[in-house]
Amino acid sequence: MSHREFADYIVDLLRPLGPVAARRMFGGFGLYLDGLMFALIADDSVYLKADAGNRALFIGRGMPRFEYVRQGKPVALSYHALPADALEDADDLLALCRSAFEAALRGRKAPGNASQRS
């Protein structure tokens with residue numbers, strides 16, 4: 001399965017959430033709903049947006065953070081790996097992705113407030 005086919009497969013699984021779109025970025029894909037990126041796909045793995053509201057859930061599920069190396073140093077982002085078994089359980093998958101979307105909503109910058117970080 002190609003990277004694009006995998007992204008399309010994930011988008012199809014997430015159809016009950018609404019119009020999810022996969023957009024190419026940095027050799028992978030960003031997953032968007034209502035204009036907000038709530039997940040990313042890298043190396044055929046799905047990573048979900050985390051914040052203070054859902055990070056404990058993700059850590060409790062054993063979902064490691066997304067990390068990459070930049071200039072020889074590891075960089076961790078606020079995204080956690082989707083458990084492989086969630087792809088086999090639609091209810092679990094959708095609940096985790098809803099949690100990630102809610103984190104994206106909480107992190108959205110308020111209009112006129114450029115100093116707020118997501």
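**Starting at strands 2 and 3**

Select residues 28-33 and 36-42: these are strand 2 and strand 3, antiparallel and joined by 5 bridges. Keep in mind that this is a predicted model, where local features need pLDDT of at least 70, side-chain atom pairs count only at pLDDT 80 or more, and totals for chains, interfaces and linings use all residues. Numbering starts from 1 along each chain as its sequence is written, and side-chain values use heavy atoms, with hydrogens and water left out.

Strands here are DSSP E runs of at least two residues, helices are H or I runs of at least four, and both are numbered from the N terminus. Two strands pair if DSSP finds at least two bridges between them.

Now pick L31: its bridge partner in strand 3 is A39.

Zoom in on the hairpin turn between strand 2 and strand 3: 2 residues separate them, and D34 has a positive phi of about 55 degrees.

Stay on A39 and hop to strand 4, where its bridge partner is L48. Strand 3 and strand 4 pair in the antiparallel sense over 4 bridges, and D43 in their hairpin turn has a positive phi of about 50 degrees.

Last stop: show helix 3 (residues 90-107), lying across strand 2, strand 3 and strand 4 at about 125 degrees to strand 3.

Technical notes. Contact means heavy atoms within 4.5 Å. Axes are lines fitted to C-alpha atoms, for helices over the stretch in contact, and angles run from 0 to 180 degrees between N-to-C directions.
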